[in-house]
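Visitor: Here is a model I would like to go through term by term. Please set each value against its definition.

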Amino acid sequence: MFRLALTLITALTILSGCALDKEDEVRAQLSEWVELGDTYFFDSSSTCTAAVFHTENPRISSLLKPVRSVETGLKQLAAGQPVVFKVGGKSPNALVEAIMSRDLPHGISVLNSGLAGVNCMSELVKSIYHQAIMNPSSRMAFIPEGDGIMIVDAQAKAVIYVRGNG
């Protein structure tokens, strides 16, 4: 019985130290949609991931379906498809509020991903992230597989990725 308990504790300790994501895997996923430059910041723990990449070209590929309304975006999310919101005049923060008012479960999922990622950020990265999510010209994409959020801030020439473990 003691061995079983010791083995279980050891396994839990090892698993709790594992990172959610690896930088090269996040980079590979996001590179399908945005041209990434150097990594400015990357941190991943067992509970969160936060990354900031430089981009000279903040254009989002058409491989990531753009939607022009929250309702259309919610339909794509319900189908498990990644989506980039291009709702004129709305910052990513305002979009999350709109999603929550229309569909609380999806809204909470998006909000949780965005908030959990903050736990892996330095103070400077938190400031960059806050500016990006409040900027109406930034674009937010939600990636249902893994509940990740990508923010593309053309003014800062940055691609920010955040997610939590659920």
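Guide: Residues 24 or more positions apart account for 58% of the contacts in the protein chain with a separation of 6 or more. This is a predicted model, in which local features need pLDDT of at least 70, side-chain atom pairs count only at pLDDT 80 or more, and totals for chains, interfaces and linings use all residues. Residues are numbered from 1 along each chain as its sequence is written, and side-chain values use heavy atoms, with hydrogens and water left out.

Visitor: What makes a pair of residues a contact?

Guide: Heavy atoms within 4.5 Å. Ile-151, for example, touches Pro-92, Tyr-129, Met-140 and Ile-160, among others, not counting residues up to four places away in sequence.

Visitor: How many helices and strands does the protein chain have?

Guide: There are 6 helices and 7 strands. Helices (H or I, at least four residues) and strands (E, at least two) are DSSP runs, numbered from the N terminus. Their order is α-α-β-β-β-α-β-α-α-α-β-β-β.

Visitor: What is called a nonpolar core?

Guide: A set of buried Ala, Val, Leu, Ile, Met, Phe, Trp, Tyr and Cys residues joined through side-chain atoms within 4.5 Å. Buried means under 20% relative accessible area, exposed over 50%, and partly exposed in between (1.4 Å probe, protein chains only). The largest such core has 29 residues, and Phe-85, Tyr-129 and Ile-151 are among those with the most contacts inside it. Elements supplying at least two residues each include helix H4 (92-102), helix H6 (123-134) and strand S6 (148-153). A second, separate core of 16 residues includes Ala-141 and Met-150.

Visitor: Which residues of H4 are buried, and why are they said to line one face of the helix?

Guide: Pro-92, Leu-95, Val-96, Ala-98 and Ile-99 are the buried ones. Seen down the axis of H4, they fall within an arc of 165°, the arc being that of the directions from the helix axis to the C-beta atoms. They therefore line one face. Their cover includes H6, S5 and S6.

Visitor: What puts the buried residues of H6 on the same side?

Guide: Val-125, Tyr-129, Ala-132 and Ile-133 are buried. They cover an arc of only 90° around the axis, which puts them on the same side of H6. The face turned away from that side carries the exposed residues Glu-123 and Gln-131.
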